[in-house]
Amino acid sequence: MRPDLEVADIFRSAGPTYRAAHAGHLSLHQLKVMSAIETCRTAALGGHVEACEDCGHWRVAYNSCRNRHCPKCQGAAARTWLAEREADLLPVGYFHVVFTLPAEIADIAWQNKALVYDLLFRAASETMLTIAADPMRTNRKSAVSPLSASSRLTASPASSLKLSASIGNWSPRSMS
Ligand SMILES: [Zn+2]
């Protein structure tokens with residue numbers, strides 16, 4: 001069932017004005033993503049016929065953009081991925097830890113993504129390992145384990161970089 005308002009509706013309505021206002025500041029990649037989302041499952045991408053082999057019922061459906069940023073195309077895939085990641089989690093409480101770099105580093109990171117992100121991940125990992133190994137910093141009945149860490153890196157050129165890590169907290173005895 002189609003929701004009342006989709007991202008594509010917003011893009012089709014406000015996209016032309018947004019593109020005009022930000023002309024020269026949007027990358028070709030960003031423009032392609034906007035176009036894909038706007039035209040997904042419309043006559044612009046053509047259509048195909050879907051038919052049931054049992055009852056013979058058929059219908060014409062518009063083609064999908066298949067862009068990985070399109071919420072209509074990737075919504076089901078994202079839900080499946082999330083369910084699979086949740087199945088990996090231990091049945092314990094989790095803490096959300098955020099590592100932030102100063103905004104001044106954003107420009108350097110933007111030009112040297114692999115190097116800066118690698119440094120950020122390594123620094124975050126070493127920090128969590130150090131804290132987990134220090135009994136003075138952890139609850140005696142529980143331990144923080146970076147083994148269960150799942151990380152997500154968010155960055156934008158205009159703001160500071162953030163590395164989010166979810167850290168599980170459980171008793172080591174329960175592992176045996
Ligand atoms: Zn799509």
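I began with confidence: the chain has a mean pLDDT of 79, and 77% of its residues reach 70 or more. pLDDT is the predictor's confidence in each residue, from 0 to 100. This is a predicted model, so I kept to its limits: local features need pLDDT of at least 70, side-chain atom pairs count only at pLDDT 80 or more, and totals for chains, interfaces and linings use all residues. Residue numbers start from 1 along each chain as its sequence is written.

I took a contact as two residues whose C-beta atoms, placed from the backbone, lie within 7 Å. Residues 169-176 are also below 50, with 12 contacts in the model beyond near neighbours in sequence. Where pLDDT is low, the predicted coordinates should not be read in detail.

**Element order.** I found 5 helices and 5 strands in the chain. Helices (H or I, at least four residues) and strands (E, at least two) are DSSP runs, numbered from the N terminus. The order from the N terminus is α-α-β-β-α-β-α-α-β-β.

**Chain totals.** Of contacts between residues at least 6 apart in sequence, 55% join residues at least 24 apart. Of the 176 residues, 11% count as buried. Buried needs 20 or more other C-beta atoms within 10 Å of the residue's own, exposed 12 or fewer, and partly exposed lies in between; C-beta atoms are placed from the backbone.

**H1 against H2.** I checked helix H1 (residues 7-21) and helix H2 (residues 28-39). Their axes come within 8 Å and cross at roughly 115°. Axes are lines fitted to C-alpha atoms, for helices over the stretch in contact; angles run from 0 to 180 degrees between N-to-C directions. H1 gives Val7, Ala8, Phe11, Arg12 and Gly15 to the contact, and H2 gives Met34, Ile37 and Glu38. By class I noted 5 nonpolar, 1 polar and 2 charged residues. Ala, Val, Leu, Ile, Met, Phe, Trp, Tyr, Cys and Pro count as nonpolar, Asp, Glu, Lys and Arg as charged, and the others, Gly among them, as polar.

**Positive phi.** Most residues other than glycine have a negative phi. Arg41 has a positive phi of about 55°. I placed Arg41 in the loop between H2 and strand E1 (47-51). Arg41 is partly exposed, with 18 other C-beta atoms within 10 Å. Arg66 has a positive phi of about 60°. Arg66 lies in the loop between strand E2 (58-62) and helix H3 (71-88). Arg66 is exposed, with 11 other C-beta atoms within 10 Å.
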